[in-house]
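Dear colleague,

Please find below the sequence and structure that I am handing over to you. My findings follow directly after them.

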Amino acid sequence: MEILEEKVLLWLDSAKFVKSKSGVYVLYDKKLNVLYIGESENLQKEFAKYVDTKFENNTCKQKTHTYQRTFIQNPKERKRQILEDYKKKHGVLPCCNVDMD
């Protein structure tokens with residue numbers, strides 16, 4: 001299930017090359033199950049942290065295989081909308097978002 005209109009990218013092949021812009025992202029496992037929906041004011045910094053630590057101390061996100069991202073001016077609001085839509089459709093939040101909300 002793809003959430004954003006952007007194409008799905010392999011995590012380690014391209015995450016380290018993302019631009020330094022604000023945006024929303026979706027992490028998927030190998031079966032394209034949504035693991036996490038997130039946002040950042042600087043996707044480059046956020047992804048570099050994930051790549052450098054291999055999601056250290058987050059066993060949920062360690063299952064990340066692919067991702068989508070889109071650059072957007074108001075990522076907090078867009079993330080809220082995506083999470084709301086996801087919960088309406090599936091009845092629950094993505095597994096790695098559950099501990100946060």
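Which element supplies the largest share of the lining of the largest pocket? Please note before the reply that this is a predicted model. The element in question is H1, from which three residues of the lining come.

The pocket

The largest pocket holds about 170 Å³ of space. Its lining is made up of Leu 10, Trp 11, Leu 12, Asp 13, Tyr 50, Val 51, Lys 54, Phe 55, Gln 62, Thr 64 and His 65. At least two residues of the lining come from each of helix H1 (11-14) and helix H2 (43-53).

Two lining residues in one loop

Lys 54 and Phe 55 both belong to the lining of this pocket. Lys 54 is found in the loop between H2 and E4, and Phe 55 lies in that loop between H2 and E4 as well. Lys 54 is not a glycine, yet has a positive phi of about 55°; Phe 55, also not a glycine, has a positive phi of about 60°. Are these two residues buried or exposed? Lys 54 has a relative accessibility of 64% and therefore counts as exposed, the cut-off being over 50%. Phe 55 has a relative accessible area of 6%, which is under 20%, so Phe 55 is buried.

The nonpolar cores

The largest nonpolar core comprises 16 residues, and those with the most contacts inside it are Trp 11, Tyr 25, Leu 27, Tyr 36, Phe 47, Tyr 50 and Tyr 67. Strand E2 (23-28), strand E3 (34-40) and H2 are the elements that contribute two or more residues to this core. H2 gives the most, with four residues. A second, separate core has ten residues, including Val 24, Val 34, Leu 83 and Tyr 86. Trp 11 and Tyr 50, listed above for the largest core, also line the largest pocket.

Tyr 67 and the strand pairing

Beyond its neighbours within four places in sequence, Tyr 67 is in contact with several residues, among them Leu 9, Trp 11, Leu 27 and Phe 47. Tyr 67 is also the bridge partner, in E4, of Leu 9. Strand E1 (residues 9-10) and strand E4 (residues 66-71) run antiparallel and are joined by two bridges. E4 pairs with E2 in the antiparallel sense too, over six bridges. Within E4, Thr 66 is the bridge partner of Tyr 28.

With kind regards

Notes
Residues are numbered from 1 along each chain as its sequence is written. This is a predicted model: local features need pLDDT of at least 70, side-chain atom pairs count only at pLDDT 80 or more; totals for chains, interfaces and linings use all residues. Side-chain values use heavy atoms; hydrogens and water are left out. On a 1 Å grid over the protein atoms alone, a cavity is a set of points where a 1.4 Å probe fits but cannot get out, and a pocket is an open set with protein on both sides within 12 Å along at least five of seven lines; lining residues have an atom within 4 Å of a point. Grid points are joined across faces, edges and corners, and a volume is the space filled by probe spheres set on the points. A nonpolar core is a set of buried Ala, Val, Leu, Ile, Met, Phe, Trp, Tyr and Cys residues joined through side-chain atoms within 4.5 Å. Buried means under 20% relative accessible area, exposed over 50%, partly exposed in between (1.4 Å probe, protein chains only). Contact means heavy atoms within 4.5 Å. Two strands pair if DSSP finds at least two bridges between them.
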